[in-house]
Amino acid sequence: MKVIFRKIGKYFYIAPILTTLILSFIGSFFIVATLLIISIIQNSSNFLFQDILPGLLIYSLLTLPIVLTIENIILLFIKPKTEEKEKAIKIWEVVAMSIGVTFTLFYVSLVNIVFDD
Amino acid sequence: MQLYNHEIHTPIATKSFLTMGIIALVAVLGYMILRFSPIEKMPPLFAVLCISALYLGIAECILWCVQIFNALDKDMILLCLFPLNWVLIAIRTIKDVVHQQTFKKENVSHKYKHLVILLNNTSNWPWIAFLAAIPLLGILVAVLILFGQEPDSFIKAWTETADWNLSQKVAPQNIYRDEHYLCTVAAGGHPTIVKPMRTGKRHGHRVIVNRQLCIANAFEQLLEERTPNFHRFVRTLYDKTGYPIAKHIQSPYIADAIYFIMKPLEWIFLFFLYMFDAKPENRIAVQYPHSVPPTLNSAFYQQK
């Protein structure tokens, strides 16, 4: 387990954005797999095989801000040792904020908030 | 503003959008300067003001979270994630700035010795910035007054709202816009065209009622009384065809158009009402009451 986390950490500093996207995809994969297993065990049609691909896409979008938040919390306690790592973090921060703004605007448009007095 | 169905009021008062936007912009600017400029070359007071800007951004994010947080609503939890991330990024930035520079003894002068010592030691910057955040906010507010913002816009942005945790306004109850039936949808058009008379109750929800809707409903009631089998057939047919069209009508302009399209039908309904009902206007008037009309045996009549 420690090796896996160390490898994720290593890849994160090389390609922070790609690692974040992969992590959110892995997260969505686990959610989709769980839903599919539950659906098969209960013999229900709530989640079918044709729902896998759209499910992966939708849950990737939902897990992305959660993965970013977890990474942010971890980075609060781990200080990058080299200048290159620091630079990677800075780029990642700006990208994370841009994703955050886009996600918030997109999500606000989905919930029924009317921005008018 | 009158809202319909499940719509929610804005969590930030729209007249304070400029204040909130400028504070957010200043906070982002402060972050960019602290993150991408070398701290060693930066004047200490300027760096302190940048940290103050970050604090203002943090305050805005915390207030947003307090305003919208609802543990039972997952949508609102998701909307708290970005402000939470901003707070974390801002804290990390401040932490990095504090760790980057250390106390420089050679800069100590005699005249302003204490002030220089205080500013040269970066570990003092966070609390100095905390104090400096108040005058910085004051300067921003003073500038924003010139653009029509109120001095207390930063507070009013949260309190002059309805439906949220910090809200102090009570909004009128949402009106239910029935998305099933064309006449109900048409009643949601522009008031000068569709001429709403009053509100009424339909399936327990408050709806806008105009004469066209009352006539259509009165005609249906007459049809149900006189020809129940034919009414059942018409109702089943309309439920199947009326719904897919009506649910896409969201704009008041389309509702106006539907109102005009339904006009010939309204006249036909009116013709039948005057043809087969002894008191047609009474039947039209009692459609969509707020409470159940009293019957002849009820206490209302017995008291009289």
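Figure 1. On chain B, the elements that give two or more residues to the side touching chain A are strand S1 (8-9), helix H1 (17-36) and helix H3 (74-100). H3(B) supplies the largest share of that side, 15 residues. Helices (H or I, at least four residues) and strands (E, at least two) are DSSP runs, numbered from the N terminus. Three salt bridges are found across the interface, a salt bridge being a side-chain nitrogen of Lys or Arg within 4 Å of a carboxyl oxygen of Asp or Glu. Arg92(B) and Glu93(A) are joined by a salt bridge between their side chains, at 2.6 Å from N to O.

Figure 2. The size of an interface is often given as the accessible area lost when the parts come together. About 3,000 Å² is buried between chain B and chain A, and carbon and sulfur atoms give 66% of this area; the value is the accessible area (1.4 Å probe) that two parts lose on being put together, summed over both. Chain A contributes 31 residues to the contact and chain B contributes 32, where contact means heavy atoms within 4.5 Å. Asn72(A) belongs to helix H3 of chain A. Its relative accessibility is 0%, so Asn72(A) counts as buried; buried means under 20% relative accessible area, exposed over 50%, and partly exposed in between (1.4 Å probe, protein chains only). Leaving aside residues up to four places away in sequence, Asn72(A) touches Trp92(A), Asn85(B), Leu88(B), Ile89(B) and Arg92(B).

**Figure 3. A nonpolar surface patch on chain A.** Ile66(A), Ile70(A), Ile73(A), Ile74(A), Phe77(A) and Ile78(A) make a nonpolar surface patch of about 580 Å². Patches are made of residues with over 30% relative accessible area and no salt bridge: like charges are joined within 9 Å, nonpolar side chains (Val, Leu, Ile, Met, Phe, Trp, Tyr) within 5 Å. Accessible areas come from the Shrake-Rupley method with a 1.4 Å probe; for residues, only the protein chains shown count as cover. Ile78(A) lies in the loop that links helix H3 (52-77) and helix H4 (83-110) of chain A, and Ile78(A) is partly exposed because its relative accessibility is 45%.

**Figure 4. Two chain B residues with positive phi.** Most residues other than glycine have a negative phi, and most peptide bonds are trans. Asp163(B), which is not a glycine, has a positive phi near 80°. The loop between helix H6 (153-159) and helix H7 (182-186) of chain B holds Asp163(B), a partly exposed residue at 48% relative accessibility. Tyr288(B), also not a glycine, has a positive phi of about 50°. Tyr288(B) sits in the loop between helix H12 (280-285) and helix H13 (299-303) of chain B and is buried, at 7% relative accessible area.

**Notes to all figures.** Residues are numbered from 1 along each chain as its sequence is written, and chains are lettered from A and ligands numbered from 1 in the order in which they are written. In this predicted model, local features need pLDDT of at least 70, side-chain atom pairs count only at pLDDT 80 or more, and totals for chains, interfaces and linings use all residues, while side-chain values use heavy atoms, with hydrogens and water left out.
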